[in-house]
Amino acid sequence: MTLVANAAVVAVGLVALMALPSAEGDESGDRRIPARAEPPGQGSPSAAEPPPFTATVESAREAGANELGLVPVIMYHRLLNKRIASIDRTPAQLRAELVRLAKAGYVPVTAAEFASGRIDIPAGAHPVVLTFDDGHPSHFALDDQGNPRNDTAVGIIYEVAAKYPDFRPVATFWVNRAPFGLPDRERQEAAVKWLVDHGFEVANHTYSHPDLRRLPTKKVAEQIVRQERLLKKLGAPPSRTLALPYGSRPRKGGTALAGKWDGTRYRFDAVFLAGAEPSVPPYAKSFDRSAIWRIQSNGKKGECRRWCSAYWLDWLDKHPDRRYTSDGDPEHISIPKRLRGNIISKAAKKVIAY
Ligand SMILES: [Zn+2]
């Protein structure tokens with residue numbers, strides 16, 4: 001088989017990505033991706049898991065796999081029928097963007113899945129990370145039947161997933177001290193439980209949303225630990241990711257990634273910024289887990305002429321060779337040969353270069 005000779009199948013150590021110590025209280029080491037969420041009311045047939053697929057040089061080439069390509073991590077704030085700030089989106093704008101992503105073959109993964117390299121999507125599909133900041137009531141609310149309300153972010157994600165079955169309904173919610181604007185502990189707990197049970201990520205966006213650059217290191221750690229303690233009380237697993245309020249990095253950059261306050265330690269897999277480009281994946285040499293780029297969801301006006309989602313999604317459509325395309329096999333990293341030098345030597349995966 002001459003084709004096999006073309007494959008640089010390199011088994012390398014399972015190091016940086018999986019060996020990070022977990023945050024406080026999580027000794028289990030359980031880093032599995034949550035079961036694929038089904039839209040509410042459809043049940044979740046456990047027998048529906050597809051058999052594992054092993055990529056080959058041929059299959060990677062056929063899929064046009066490029067698992068060192070760029071991934072849009074899209075940042076959303078409030079959903080309002082009448083926008084007030086330029087970063088607000090209407091429910092219709094979110095719906096239209098998600099439909100665009102689904103039609104273009106994007107499949108959502110959570111920020112934690114992305115940062116840990118657990119990008120388990122079909123061959124030929126592109127990962128997208130949908131992230132919602134500040135825990136606004138328009139992101140998630142349950143109706144009287146206990147289902148997500150229609151025009152919330154979660155309601156719209158399910159609506160699109162029902163129409164485009166390959167569009168996996170998951171997202172990341174980075175929340176502060178009053179998740180989803182809910183006033184009482186009981187409803188906050190119910191909201192967090194619903195989201196976590198359905199495969200969504202609920203994680204740390206600091207307790208009171210300060211500009212971390214303006215705080216002394218000790219206060220930065222306090223902001224993170226207070227929020228981590230709240231999330232734990234609400235039943236969320238330890239946060240794997242953090243989004244920086246305003247995208248503003250603490251003066252000691254590493255403080256956002258790991259630290260300690262009042263006897264409680266924290267350590268995230270990844271810290272996310274607020275702008276302004278697609279991100280390289282975690283197997284790329286240029287990946288910096290303390291400062292991961294995101295893209296603001298917005299049109300092409302003003303500052304968004306570049307830097308926002310309408311611009312970047314057009315750009316990725318026009319540059320398919322620069323976009324992350326999956327080989328369909330989460331155990332391998334498949335890349336065109338020309339990119340072999342860009343991969344980290346400690347990637348916890350087998351590499352297929354074609
Ligand atoms: Zn924020």
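**Exercise 1. A stacked pair**

Is Phe 173 buried or exposed? Then describe the ring that pairs with the ring of Phe 173.

Solution. The model is predicted.

Step 1. The relative accessible area of Phe 173 is 0%. Buried means under 20%, so Phe 173 is buried.

Step 2. A search of the whole structure gives 15 aromatic pairs. In one of them, the ring centres of Phe 132 and Phe 173 are 5.2 Å apart, with 25° between the planes. Planes under 30 degrees apart count as stacked, so this pair is stacked.

Step 3. Phe 132 belongs to strand 4 (residues 126-133) and Phe 173 to strand 5 (residues 172-175). The two residues are 41 residues apart, and the pair links distant parts of the chain.

Step 4. Phe 132 also has a relative accessible area of 0%, so Phe 132 is buried.

**Exercise 2. A tilted pair and a cluster**

Classify the aromatic pair of Trp 194 and Phe 200, and find the cluster that holds these residues.

Solution. 

Step 1. The centres of the two rings, Trp 194 and Phe 200, lie 6.5 Å from each other, and the planes make an angle of 35°. Planes under 30 degrees apart count as stacked and over 60 as edge-to-face, with the rest tilted. The pair of Trp 194 and Phe 200 is tilted.

Step 2. Trp 194 has 11% relative accessibility and counts as buried. Phe 200 has 4% and counts as buried.

Step 3. One aromatic cluster is formed by Tyr 76, Phe 132, Phe 140, Tyr 158, Phe 173, Phe 180, Trp 194 and Phe 200.

**Exercise 3. Backbone geometry**

Solution. 

Step 1. Most residues other than glycine have a negative phi, and most peptide bonds are trans.

Step 2. Phe 180 has a phi near 60°, a positive value in a residue other than glycine. Phe 180 sits in the loop between strand 5 and helix 6 (185-197). With 2% relative accessibility, Phe 180 counts as buried.

Step 3. For His 209, one of the zinc donors, phi is also near 60° and positive.

Step 4. Gly 275 and Ala 276 are joined by a cis peptide bond, with omega about -15°. Ala 276 is part of strand 10 (residues 270-276).

**Exercise 4. Two packed helices**

How are helix 3 and helix 8 oriented to each other?

Solution. 

Step 1. Two packed helices are described by the angle between their axes and the distance between the axes.

Step 2. Helix 3 (residues 91-103) packs with helix 8 (residues 309-318) at an angle of about 10°, and their axes are 12 Å apart.

Step 3. Angles under 35 degrees count as roughly parallel. Helix 3 and helix 8 are therefore roughly parallel to each other.

Step 4. Helix 3 makes the contact with Glu 97, Arg 100 and Leu 101. Helix 8 makes it with Ser 309, Ala 310, Leu 313, Asp 314 and Asp 317.

**Exercise 5. The whole protein**

How many helices and strands does the protein have, and what percentage of its residues count as buried?

Solution. 

Step 1. The secondary structure consists of eight helices and 13 strands.

Step 2. The protein has 354 residues, of which 53% count as buried.

Step 3. Among contacts with a separation of 6 or more, 70% are between residues 24 or more positions apart.

Definitions and conventions. Residues numbered from 1 in each chain as written. Predicted model: local features only at pLDDT ≥ 70, side-chain atom pairs only at ≥ 80, totals over all residues. Heavy atoms only, no water. Phe/Tyr/Trp six-rings, centres within 6.5 Å; stacked < 30°, edge-to-face > 60°. Helix = DSSP H or I, 4+ residues; strand = E, 2+ residues; numbered from the N terminus. Buried < 20%, exposed > 50% of the residue type's maximum accessible area, 1.4 Å probe, protein only. Donors = N, O, S within 2.8 Å, 3.2 Å for Na, K, Ca; no water. Axes fitted to C-alpha atoms, helices over the stretch in contact; angles between N-to-C directions. Parallel < 35°, antiparallel > 145°, perpendicular 65-115°, else oblique. Contact = heavy atoms within 4.5 Å.
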